Amino acid sequence: MRTKIAVSAALGVGLVFGSGAPALASSLTSTDAAKSAEISADVVPGQELERISDGKIEKGETAYVDVTVATLWTDTDAPRKADKPALGHPVDLAKWNKNLKSTDVRRGLTGKTETQATYGSEVTVLDTKGKWSYVSVKDQKTPKNKKGYPGWLPTKQLVENDRFTKLRDEQPRAVVTKPKSELEGIEFTKDTGADVSFNVDLPLIAQDVDDVRVALPGGGAAWIDADDVDVYDVGEKPAKPSGKDLVKTAKQFDGLRYLWAGVSAYGFDCSGFTYSIYRAHGIDLPRDSGEQAKVGKAVSSKSLKAGDLLFFSTSSGTVHHVGMYIGDGKMIHSPNASKDVYVTDWKKWDTGNEFSGARRIL
């Protein structure tokens, strides 16, 4: 992963609005900077972080996920009583996880959920119905919709914010690399209904030795531990990973419970796991295993390298599972509702002789 950049190099000279307030990018020259003390008094603290919105979520608009993890459903009546903690703002993932303790209850999500989207993810609103919105997740490729992976979620889990859009376009970004982290020192907003987890990507507005300061989708800003993120300049991506890099990232989640449609550190399905691991290294795979099986290049099972993807199909040829090869005949995967993410000998695991090919992405 990339070494953190100095905020001065990324942002240039900034206006600082009092103790603990953010330094935002500006076009000030060094002469202008000398005069900043004279003009800062005329600037309302935090005004450059205030949410710009008409307060409505409407069809055709761009919006952002404003909860820790939003679950996208097949329809508005798909959630069960056990799923109520996942429908609020904020979501109560600890309670939902407790409700999903039974394998049968977890398995019951099959066919009810489409995918998930983490805090700050960009979506396009495709339709609205009552208190629900039908959206597509921009960064999740699928043939289901050219604008991204679609599904229904409660509208209250979204926020419209033109300023956040602008900051995403113009500022460096901080990407969470640890499974979970926290937002601290939240300012200039009453919207504090989220935590940050793996792959959350937020605009960077300030940085010191111990922390980075990020803009929030609902307005305002907060600090994240600098050890929990990697920072990238505008337009920059992570360096191309090695297979060992991918394996190291994947093993962070060894033991994490399987979750149908999951794409976060709170639970993965099989393709959500491989999608997320590659995405952490700047490589965008399609969201589902059937489409992942079409990217990269085919490799023989006798020539596997760490990071290769292994696919398994039904007798009709439909790909239904994917895992990541890690070397020594083993793969790491998130297999089904009765299991956690774990490492296994892939040939011994494949008792049904369903292996249908391997693909090399790197």
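In which helix do Arg107 and Asp104 both lie? They sit in helix H5 (residues 103-107), 3 residues apart, about one turn of the helix. Helices here are DSSP runs of H or I with at least four residues, strands are runs of E with at least two, and both are numbered from the N terminus.

This is a predicted model, where local features need pLDDT of at least 70, side-chain atom pairs count only at pLDDT 80 or more, and totals for chains, interfaces and linings use all residues. Residues are numbered from 1 along each chain as its sequence is written, and side-chain values use heavy atoms, leaving out hydrogens and water.

Arg107 and Asp104 form a salt bridge, with their closest N and O atoms 3.1 Å apart. The term means a side-chain nitrogen of Lys or Arg within 4 Å of a carboxyl oxygen of Asp or Glu. Asp104 is exposed at 56% relative accessible area. Arg107 is partly exposed at 42%. Buried means under 20%, exposed over 50%, and partly exposed in between, using a 1.4 Å probe and protein chains only.

Next, Arg173 and Asp201. Their side chains meet in a salt bridge at 2.6 Å, N to O. Arg173 belongs to strand S10 (residues 173-176) and Asp201 to strand S14 (residues 201-207), so the pair ties together parts 28 residues apart in sequence.

Arg287 pairs with Asp269 in a salt bridge at 3.0 Å between the closest N and O atoms. This pair links distant parts of the chain, 18 residues apart. Both residues, Arg287 and Asp269, are buried.

Salt bridges also link Glu122, Lys138 and Arg168 in a network. The whole structure holds 16 salt bridges.
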